[in-house]
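These are my notebook entries on one protein chain, written down in the order in which I looked things up.

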Amino acid sequence: MHQSARRLFTPIAPTYQRWATILSLGQDPRWRAEMVASMNLETSARVLDVAAGNGAIAQLLAARGCRVIALDQSREMLGPARQRGFTAVQAGAEWLPFDDDAFDALTLGYLLRYVADPAGCLRELVRVVRPGGMIGMVEFGRPRSAWGVLWWLYTRAVLPAAGTLLGSGWSAVGRFLGPSIDAFHRRYPDEAVDALWQSAGLSEVRHVRRSLGGGLIVWGRKA
Ligand SMILES: C[S@@+](CC[C@H](N)C(=O)[O-])C[C@H]1O[C@@H](n2cnc3c(N)ncnc32)[C@H](O)[C@@H]1O
């Protein structure tokens, strides 16, 4: 279970957050911040951050006073989240070890490209949120038109080269990322992402593209 994601993330866990920020040209912290800010969460809301990694989203939630649980399939990725004091749960997003309606809200950052059945996984995420609760997602987008050409060059030439220079697992990530993002957006163009969320039981679904289309943020409310 989760073997390919585990292989990918284990070696980069200690350096993930620093290099992810640099390789996204400083953009991904902005997408996370907008996702969290627009959820209008109550102070002390109970929030599950799924695919929490090092806890970058969990930190933003905690700064708003939310009570956060960080969940990830990777013990190594969760290490820094634990060091930051978060309650960390090692589990797969496909079978969450929580009761129905257990959380006021849920966030997911860069998860759905790693699961075999995004629709089923999303239904499982919705299950643990109370009716009326918000779900927010941040994911890489795929820029269109002229920016799409530059994005293609960046993901197919610059990222693999940068990954090779960095070593320690980043070369695999540098080669993996562009094709993985492309495949996800071929399967789920923006309209299909909205439909996916609606069919998982979410209403008020909306998405925005940011950074010339390189970032995608989606929100929805459990009906
Ligand atoms: C690119 S990192 C994102 C981490 C964090 N959300 C952020 O914004 O920095 C993707 C994370 O998804 C986790 N992951 C991948 N597949 C998963 C699954 N099926 N269940 C839980 N976590 C998963 C990986 O272990 C990794 O930590």
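Entry 1, the first pairing. I looked up S1 and S4 and found that they pair in the parallel sense over four bridges, where two strands count as paired if DSSP finds at least two bridges between them. Within this pairing, Val47 stands opposite Ala105 in S4. For my labels I note that helices (H or I, at least four residues) and strands (E, at least two) are DSSP runs, numbered from the N terminus.

Before going on, I record what kind of model this is. It is a predicted model, in which local features need pLDDT of at least 70 and side-chain atom pairs count only at pLDDT 80 or more, while totals for chains, interfaces and linings use all residues. Residues are numbered from 1 along each chain as its sequence is written.

Entry 2, the other partner of Val47. I followed Val47 into S2, where its bridge partner is Val68, and I also found that Asp49 has Ala70 as its bridge partner in S2. S1 and S2 run parallel and are joined by five bridges. Is S1 enclosed or open? Four of its five residues are buried, so S1 is largely enclosed by the rest of the structure; here a residue is buried if 20 or more other C-beta atoms lie within 10 Å of its own, exposed if 12 or fewer, and partly exposed in between, with C-beta atoms placed from the backbone. S2, which covers residues 67-72, is mostly covered too, with five of its six residues buried.

S2 and S3 run parallel with four bridges between them, and Leu71 stands opposite Val89 in S3.

Six bridges join S4 to S5, and the two run parallel; together with helix H6 (residues 118-127) they make a right-handed β-α-β unit. S5 spans residues 129-140, and nine of its 12 residues are buried, so this strand is largely enclosed by the rest of the structure. In which sense does S5 pair with S7, parallel or antiparallel? I found the antiparallel sense, over seven bridges, with S7 covering residues 215-222, and Glu139 has Leu216 as its bridge partner in S7.

I picked Ile57, which lies in helix H4, and it counts as buried because it has 27 C-beta neighbours inside 10 Å. Leaving aside neighbours within four places in sequence, I listed the contacts of Ile57 as Arg32, Val36, Asp49, Ala52, Thr107 and Gly109, a contact being two residues whose C-beta atoms, placed from the backbone, lie within 7 Å.

Asn40 has a positive phi of about 50° although it is not a glycine, and it lies in the loop between helix H3 (28-37) and strand S1 (46-50). Asn40 is exposed, because 11 other C-beta atoms lie within 10 Å. Asp101 has a positive phi as well, near 60°, and its place is in the loop between strand S3 (87-90) and strand S4 (103-109). With 14 C-beta neighbours inside 10 Å, Asp101 counts as partly exposed.

I ended with the totals: the secondary structure comes to nine helices and seven strands. The radius of gyration is 16 Å, close to the 17 Å that the globule rule gives for 223 residues, so the protein is as compact as a globular protein of that length; this radius is taken over C-alpha atoms, and the rule is 2.2 Å times the number of residues to the power 0.38. Of the 223 residues, 41% count as buried.

Key:
Right-handed = clockwise from strand over helix to strand, strands pointing away.
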